[in-house]
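Dear colleague,

Please find the structure below, handed over for your records. My findings follow directly after it.

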Amino acid sequence: MLLGIPVEGHVASPERPALDVEKVYQTTAVISYRFLRVVTGEKMWKKYLPLKSSREYWSARHYIEDFLTPYVDAALQQRDQPCSENGTDKEADSGTPSMLTKIAAKESRYTRETLLSESLEILIAGTDTTAHSLSFAVGELTLNTRVLNKARSIVDEAWAKHGEFSLNTLKDLTYIRAIVKETLRLYSVASGSTSLETTRPTTIEGMTLPIGTKISWSMQAAGREPKIYPNPTEFMPERWLDGTKESPSVPMIDFGSGLHRCLGEHLAMLEATMMLAQLLHNFEWELVNGRASLEKLQQNLLIYPADGMPVRLKARRRPSENIAV
């Protein structure tokens, strides 16, 4: 349960709607696409024009806000009334604490409107971007048998130990998390030119830039800088693990830093780690076009395979399912 919504359930209650995964994903995709258009130059006021894209945006926006509102209200009520009549903790009574409840509990200034807005931002920041990164992770694992076999062994052991992939399993999935980080290093979601503006005179490579100068750089090129990441073209998740000889403290730049660090970082990393573990445990796959899918790339705001990266999937026969005859 991430926002207090049991993702495996489809039954509505008097207080909360049932989860329609496909509908929620479709609406967040529409809102995300609107965000991308604004980032690439579309004027924000265009959403108020009587256009088809505007109608689709407002329809999606109203659906997702109506869907999230009961969960937001429940989180705020739990925060403001932490104890039930018999003195027990409501969060404990309700089962697994939701991420929404934890967010609301940490910030007393949250109102219904601000928490609803932040919940929507979390969904947008951690859906399409996560799927984008997982596609490249699947591709790289196909071409790196050593990493793939090690990852499969780890997720199988975690499943045998816990019987599921959950928050309790995360400590056993450190290597899977490292695979996600290595994928982001090579194929950053925001791989296009990123820019900041100087707020004070700044010196870079001996050149002093005045206030107001826009500085742009490529996230993809930064992730392949050999001075920072030894053997930059090699897919090596071990570089993200503590105590390795390769590089024990490499920087993670894909989510930004400081006050403007990505709001969806923790949700995205959680989702990607869990989903990749599920894929490794349940499926085998191959790239239809082989290495070409990872080498022939196109770029707008994002980087993506020119061929769409077609993949053949098949259900995996796990070791525990082998039956002696």
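The model is predicted, so local features need pLDDT of at least 70 and side-chain atom pairs count only at pLDDT 80 or more, while totals for chains, interfaces and linings use all residues. Residues are numbered from 1 along each chain as its sequence is written, and side-chain values use heavy atoms, with hydrogens and water left out.

W45, Y48, L49 and L51 make a nonpolar surface patch of about 450 Å². Such patches join nonpolar side chains (Val, Leu, Ile, Met, Phe, Trp, Tyr) within 5 Å, taken from residues with over 30% relative accessible area and no salt bridge; areas are by the Shrake-Rupley method with a 1.4 Å probe, and only the protein chains shown count as cover. L49 lies in the loop between α1 (21–39) and α2 (52–80), where helices are DSSP runs of H or I, at least four residues, numbered from the N terminus. L49 counts as partly exposed because its relative accessibility is 35%; buried means under 20%, exposed over 50%, and partly exposed in between.

In helix α1, T27 is buried, at 5% relative accessible area. T27 touches A60, Y63 and I64, leaving aside residues up to four places away in sequence; contact means heavy atoms within 4.5 Å.

R152, in helix α7 (residues 145–162), is buried yet has no salt bridge (a side-chain nitrogen of Lys or Arg within 4 Å of a carboxyl oxygen of Asp or Glu). The nearest side chain of opposite charge is E284, 5.0 Å away, with Lys and Arg counted as positive, Asp and Glu as negative, and His and the chain ends not counted.

Kind regards

Methods
Patch = residues over 30% accessible without salt bridge, like charges linked within 9 Å, V, L, I, M, F, W, Y side chains within 5 Å. Helix = DSSP H or I, 4+ residues; strand = E, 2+ residues; numbered from the N terminus. Buried < 20%, exposed > 50% of the residue type's maximum accessible area, 1.4 Å probe, protein only.
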